[in-house]
Amino acid sequence: MPQESMPEFSSSVKLKYVKLGYQYLVNHFLSLLLIPIMTIIAVELPRMGPEEILNVWKSLHFDLVQVLCSSFFVIFITTVYFMSKPRTVYLVDYSCYKPPVTCRVPFATFMEHSRLILNDKPKSVEFQMRILERSGLGEETCLPPAIHYIPPTPTMDEARSEAQMVIFTAMDDLFKKTSLKPKDIDILIVNCSLFSPTPSLSAMVINKYKLRSNIKSFNLSGMGCSAGLISVDLARDLLQVHPNSNAIIVSTEIITPNYYKGNERAMLLPNCLFRMGSAAILMSNRRSDRWRAKYKLSHLVRTHRGADDKSYYCVYEQEDKDGNIGINLSKDLMAIAGEALKANITTIGPLVLPASEQLLFLLSLIGRKIFNPKWKPYIPDFKLAFEHFCIHAGGRAVIDELQKNLQLSGEHVEASRMTLHRFGNTSSSSLWYELSYIESKGRMRRGDRVWQIAFGSGFKCNSAVWKCNRTIKTPKDGPWSDCIDRYPVFIPEVVKL
């Protein structure tokens with residue numbers, strides 16, 4: 001990806017953060033007020049004798065009408081509270097597609113194909129080689145069969161074949177894991193940004209598994225690498241209004257029809273970074289799934305900066321001067337991603353950060369306003385709010401900049417780096433490969449909090465916060481089953497080809 005740097009968060013922290021933090025504290029004011037009251041009662045009550053307590057009780061002069069009215073009021077308030085409380089949404093389980101070894105694309109194979117396909121464009125070949133050397137990808141990433149041909153055959157049939165292979169394999173594995181039957185699916189959401197055939201991919205899934213005729217199905221396209229969390233948000237909203245339901249989400253990106261065969265450097269980047277992958281996720285609001293579910297959804301925050309022209313055009317599908325269609329990645333992409341992330345964490349911060357961090361930030365801002373504007377603003381420590389981080393494996397530069405600006409350790413971004421190395425940028429499904437990595441390492445414990453951060457065209461930054469529902473045993477299958485013992489691996493700054 002472009003090597004532009006994100007802007008330092010400390011250079012422009014918005015006042016909106018303070019307002020949201022203030023709102024958060026005000027919303028919990030009654031809870032905080034109860035603490036000293038309960039403390040006083042707990043201290044004074046043991047000092048009073050039984051006779052004094054009895055005298056106090058008699059002095060209140062309760063009659064039957066007052067007791068009945070008070071009881072009715074308490075029952076009414078309790079009923080309203082529980083009826084208005086959002087339904088808990090669980091992530092029961094998920095499955096990630098593991099490509100066959102026949103689809104593997106080592107560096108030597110990728111470069112040989114590039115030289116043969118672009119034999120009259122040596123500078124484009126050299127550019128791709130430089131990108132690949134610094135990409136952070138490994139030797140085991142995979143591309144679909146159609147891209148292995150010389151020249152590639154990006155036909156509609158080949159694209160459908162890839163979609164069937166990655167989606168059906170992931171769903172079959174999910175059905176096996178969860179013992180879910182296709183007729184038990186109430187909601188189906190499929191997201192794929194660049195391949196949107198007719199009938200839709202969601203219709204393809206319904207046809208394959210003969211799903212019910214009254215299923216609520218949705219097909220999301222054109223929403224970029226953050227579409228996976230958009231699907232989670234849609235599933236959450238649907239599960240709020242449809243009780244006792246199951247929702248299946250399929251996140252993927254079909255590579256076959258999107259291989260760029262032109263000469264524009266900004267449009268050659270996706271060829272070097274994007275690889276095949278898919279994930280199927282089962283979400284539920286059923287109380288019976290509470291005990292077997294892996295995670296509970298705590299928060300989901302979406303930020304869209306499409307009103308800004310630079311943000312809108314920074315990831316843009318277009319034709320080059322020769323008529324070749326591809327994705328143009330702007331040189332301003334990293335700066336725009338930084339602005340979107342700042343806006344996103346401004347919203348999610350007050351929801352997840354402890355009061356101590358919010359207070360330190362507030363004091364720092366007051367100090368800068370009153371005493372010295374040159375004071376460096378306090379950057380909240382998100383490591384106090386989360387045990388695990390799943391940063392979209394969009395490219396090495398993305399992970400580097402988020403690690404720097406969020407002040408994360410190497411272990412915090414290990415899942416993202418290793419996913420990029422082993423599977424490449426699998427678009428919207430990359431977050432689930434990262435979560436699978438953490439589980440495969442045996443690091444997920446009950447009560448742990450996970451922050452998923454994804455970026456997408458438009459430009460969007462979306463965040464989801466999950467709370468681990470039970471300690472997860474190290475899985476014996478999954479995308480990491482045959483290689484987890486080798487990871488983490490050292491990834492040099494430059495791999496000489």
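## Helix α14

In this predicted model, helix α14 (residues 355-370) comprises 16 residues and spans 22 Å from its first C-alpha to its last, close to the 22 Å expected at 1.5 Å a residue. The buried residues of α14 are Glu-357, Gln-358, Phe-361, Ser-364, Leu-365 and Gly-367.

## The chain as a whole

The protein chain contains 17 helices and eleven strands, and of its 497 residues 49% count as buried. When contacts in the chain with a separation of 6 or more are considered, 81% of them are accounted for by residues 24 or more positions apart.

## The pair α15 and α16

Two packed helices are described by the angle between their axes and the distance between the axes. For helix α15 (residues 396-405) and helix α16 (residues 414-423), the axes come within 10 Å and cross at roughly 175 degrees; because angles over 145 degrees count as roughly antiparallel, α15 and α16 are described as roughly antiparallel to each other.

On the α15 side the contact is made by Arg-396, Ile-399, Asp-400 and Gln-403, and on the α16 side by Ser-416, Arg-417 and Leu-420. Sorted by class, the contact of α15 with α16 has two nonpolar, two polar and three charged residues.

## The largest nonpolar core

In soluble globular proteins, nonpolar side chains tend to be buried together. The largest nonpolar core here has 129 residues, of which Met-283, Tyr-295, Trp-432, Trp-451 and Trp-466 touch the most other members.

Leaving aside neighbours within four places in sequence, Trp-466 is in contact with Met-283, Tyr-295 and Trp-432, and also with Leu-91, Val-232, Lys-296, Leu-297, Ser-298, Asp-448, Arg-449, Val-450 and Gln-452.

## Phe-175, a buried helix residue

Phe-175 lies in helix α8 (residues 156-178) and has a relative accessible area of 11%, so Phe-175 falls under the 20% limit and counts as buried. Not counting residues up to four places away in sequence, Phe-175 touches Leu-180, Pro-182, Ile-185 and Tyr-209. Phe-175 and Tyr-94 are 81 residues apart in sequence, while their C-alpha atoms are 9.5 Å apart in space.

## Glu-140, a partly exposed loop residue

Glu-140 is found in the loop between α6 (122-133) and α7 (145-148), where its relative accessible area of 27% makes Glu-140 partly exposed. Residues up to four places away in sequence aside, Glu-140 touches Arg-104, Arg-422, Arg-486 and Tyr-487. The C-alpha atoms of Glu-140 and Pro-99 are separated by 9.8 Å, although the two residues are 41 residues apart along the chain.

Note on methods. Residues numbered from 1 in each chain as written. Predicted model: local features only at pLDDT ≥ 70, side-chain atom pairs only at ≥ 80, totals over all residues. Heavy atoms only, no water. Helix = DSSP H or I, 4+ residues; strand = E, 2+ residues; numbered from the N terminus. Buried < 20%, exposed > 50% of the residue type's maximum accessible area, 1.4 Å probe, protein only. Contact = heavy atoms within 4.5 Å. Axes fitted to C-alpha atoms, helices over the stretch in contact; angles between N-to-C directions. Parallel < 35°, antiparallel > 145°, perpendicular 65-115°, else oblique. Nonpolar A, V, L, I, M, F, W, Y, C, P; charged D, E, K, R; others polar. Expected span 1.5 Å × (residues − 1). Core = buried A, V, L, I, M, F, W, Y, C linked by side-chain atoms within 4.5 Å.
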